Amino acid sequence: MYRAPVDARPDPLERDFQAPAPNRFWVADITYCRTFAGWVYAAFVIDVYSRLVVGWQLSQSVRTDLVSAYTLMCRSRYDLRCRSVSAG
């Protein structure tokens with residue numbers, strides 16, 4: 001009998017995508033699209049409260065600098081310090 005693998009990654013929001021105020025929780029994603037010139041990768045961060053994109057970056061490759069660039073954009077636009085959200 002097949003069993004789906006257990007997802008062991010932490011889920012600090014517990015799949016409840018609501019925030020009491022702006023800039024309390026941000027979520028991020030990376031997606032890709034095939035173009036005539038090759039693959040293009042888009043990384044973006046969304047504020048859970050307002051549903052606005054607070055940072056984004058496009059790249060021809062998925063490397064650390066793709067994520068670093070949009071993280072810096074978010075930090076500079078909102079003058080925030082990065083801090084880790086831990087489960088529990």
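Predicted model: local features only at pLDDT ≥ 70, side-chain atom pairs only at ≥ 80, totals over all residues.
In what order do the three strands form the open sheet, and is the pairing parallel or antiparallel?

The chain has one helix and three strands. Read from the N terminus, the elements go β-β-β-α. So much for the parts list.

Back to my opening question. The three strands make an open sheet in the order 1-2-3, and the pairing is antiparallel. Strand 1, residues 26-35, and strand 3 are the edge strands, each pairing on one side only. Ignoring direction, neighbouring strands in this sheet are turned by 15° against each other on average.

Now the first pair. Strand 2 covers residues 38-47. How many residues does the hairpin use to join strand 1 to strand 2? Two residues. Find them on the model.

Let's pick out some partners across that pair. V27 has I46 in strand 2 as its bridge partner. D29 stands opposite F44, again in strand 2. While you look at those, recall a general point: in a regular strand the side chains alternate between the two faces of the sheet.

Next, W26. This residue lies in strand 1. Is W26 buried, partly exposed or exposed? W26 counts as partly exposed, because its relative accessibility is 29%. The cut-off for buried is under 20%, and exposed needs over 50%. W26 also gives us a distance to check. W26 and Y49 are 23 residues apart along the chain, yet their C-alpha atoms are separated by 8.4 Å.

On to strand 3, residues 53-59. W56 sits in this strand. At 45% relative accessibility, W56 is therefore partly exposed. Together, V53, W56 and L58 make a nonpolar surface patch of about 300 Å². Turn the model until you can see these three side chains.

Now some backbone angles. Most residues other than glycine have a negative phi. Which value does phi of N23 come near? Phi of N23 is near 60°, which is positive, and N23 is not a glycine. You will find N23 in the segment before strand 1. N23 is partly exposed because its relative accessibility is 29%.

R51 is another case. Phi of R51 is near 65°, again a positive value in a residue other than glycine. R51 belongs to the loop between strand 2 and strand 3. Its relative accessibility is 53%, so R51 counts as exposed.

Finally, the whole chain. How much of it is buried? Of its 88 residues, 15% count as buried. The accessible surface comes to about 7500 Å², and 54% of that belongs to carbon and sulfur atoms. Then there are the contacts. Take those in the chain between residues at least 6 apart in sequence: 28% of them join residues at least 24 apart.

To recap. An open antiparallel sheet in the order 1-2-3. A hairpin of two residues from strand 1 to strand 2. A nonpolar surface patch from V53, W56 and L58. And positive phi values at N23 and at R51. Thanks, everyone.

Definitions and conventions: Residues numbered from 1 in each chain as written. Heavy atoms only, no water. Patch = residues over 30% accessible without salt bridge, like charges linked within 9 Å, V, L, I, M, F, W, Y side chains within 5 Å. Areas by Shrake-Rupley, 256 points an atom, 1.4 Å probe, with all protein chains shown as cover. Salt bridge = Lys/Arg side-chain N within 4 Å of Asp/Glu carboxyl O. Helix = DSSP H or I, 4+ residues; strand = E, 2+ residues; numbered from the N terminus. Buried < 20%, exposed > 50% of the residue type's maximum accessible area, 1.4 Å probe, protein only. Pairing = 2+ DSSP bridges. Axes fitted to C-alpha atoms, helices over the stretch in contact; angles between N-to-C directions. Contact = heavy atoms within 4.5 Å.
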